[in-house]
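Trainee: I am new to this structure. Can we go through the terms one by one?

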Amino acid sequence: MNRIWIYESELRAIAQETLSWKSETGGDLFGKWGSEPTIFLATRLGPQSRRSQSQCQFDLHFLEQISTAMAVDWGLQFLGDWHSHYRSGVTHPSRIDRNRIGRLIERNGFERVLEFIATIVTPESEAIQKTQVHGYIFPKAHWYSPDLLEIGLIPGVSPLREILTLRDAPLAQDWNAWQQVSTDQVSGWVTTVQPPVELVHSYRDSFARRAILHLIFQLETTFQIPVVDAISDNGRDFSMQIADTDIRLRFSETWPFPIVSVQARSGSETSSFDPDQEFVTAFQCDRVVAVIRSLIGRVHHTDELPPLSV
Ligand SMILES: [Zn+2]
């Protein structure tokens with residue numbers, strides 16, 4: 001049987017979203033193909049979607065927007081989508097589902113598409129509601145008869161979700177809602193095989209590398225200056241000269257890359273960020289830019305940034 005890997009947070013996100021509606025619902029799956037595809041993000045439907053007891057309609061504008069963000073920012077592909085069959089008890093894709101996915105494959109020239117089907121399996125009266133999730137792969141050659149997948153669970157939170165949560169990324173998601181449902185509330189064709197530890201570490205490293213590049217890019221475009229990047233024994237140092245102000249930013253290279261210090265100096269005036277007052281990580285590009293702006297303001301005794309060009 002084919003196997004797919006999904007982070008525990010993403011499977012719980014599917015279950016949580018399924019249990020939140022008195023109708024069908026769904027979302028998109030983003031990740032990487034490979035001999036065994038890996039899902040890093042399971043979303044909820046976009047704001048313009050429609051849900052009913054017997055079907056749900058995807059918000060295609062939202063899908064386009066989020067697919068672009070996933071591809072450009074993270075190098076991830078749209079692997080397929082998921083939807084719930086509410087309380088119908090049907091764990092396989094319906095004829096309507098198969099035709100929809102067939103059209104998706106043919107229209108976009110996809111080689112294959114994944115589809116997860118979630119169902120609620122407990123009577124409505126039960127205090128703790130449970131779900132089942134089944135995964136299918138629709139190969140281009142025989143999309144009308146998809147293959148059932150074995151679901152491999154990667155323990156913990158997807159590194160992508162962690163970063164997007166820290167950034168509170170504006171992609172119409174509730175980044176923390178998955179925590180409302182425990183792993184015990186989700187079952188299905190889930191294998192007990194564990195993913196290789198090195199692989200899981202390498203995923204984290206690759207998301208962290210991209211997130212740090214986003215920070216460099218944001219600093220360079222916001223302040224129109226180059227960032228000098230150096231690795232030291234105590235972490236990683238970014239230094240930059242913004243007009244007459246010298247900025248030094250240090251962050252730890254231990255997940256989630258917390259900021260250890262930020263210092264602004266102009267002439268004899270200095271101003272520092274206190275990490276004990278606020279937890280900020282290098283993944284939070286907007287927040288880091290705001291900290292630097294406020295330090296520059298403090299060394300110049302103004303709320304306004306000094307002119308950026310020298
Ligand atoms: Zn369906």
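Trainee: What makes E12-E13-E14-E15-E16 an open sheet, and how is it paired?

Mentor: Five strands line up in that order, with antiparallel pairing. Strands are DSSP runs of E, at least two residues, and helices are runs of H or I, at least four, numbered from the N terminus. Two strands pair if DSSP finds at least two bridges between them. E12 (228-232) and E16 (269-273) are edges, each with a single partner strand, so one side of each has no neighbour in the sheet. This is a predicted model: local features need pLDDT of at least 70, side-chain atom pairs count only at 80 or more, and totals for chains, interfaces and linings use all residues. Residues are numbered from 1 along each chain as its sequence is written.

Trainee: How do you know that strand E15 pairs with E16?

Mentor: Five bridges join E15 (residues 259-266) to E16. Pairing takes at least two, so they qualify. Ser-266 stands opposite Glu-269 in E16.

Trainee: What makes Ile-39 a contact of Leu-79?

Mentor: Contact means C-beta atoms, placed from the backbone, within 7 Å. Leaving aside neighbours within four places in sequence, Ile-39 is in contact with residues including Ile-4, Trp-5 and Leu-79.

Trainee: How many residues of each domain are in contact?

Mentor: Six residues of domain 1 are in contact with seven of domain 2. On the domain 1 side, helix H2 (60-74) and helix H4 (159-167) each give two or more residues. H4 has the largest share, four residues.

Definitions and conventions: Two residues are in contact if their C-beta atoms, placed from the backbone, lie within 7 Å.
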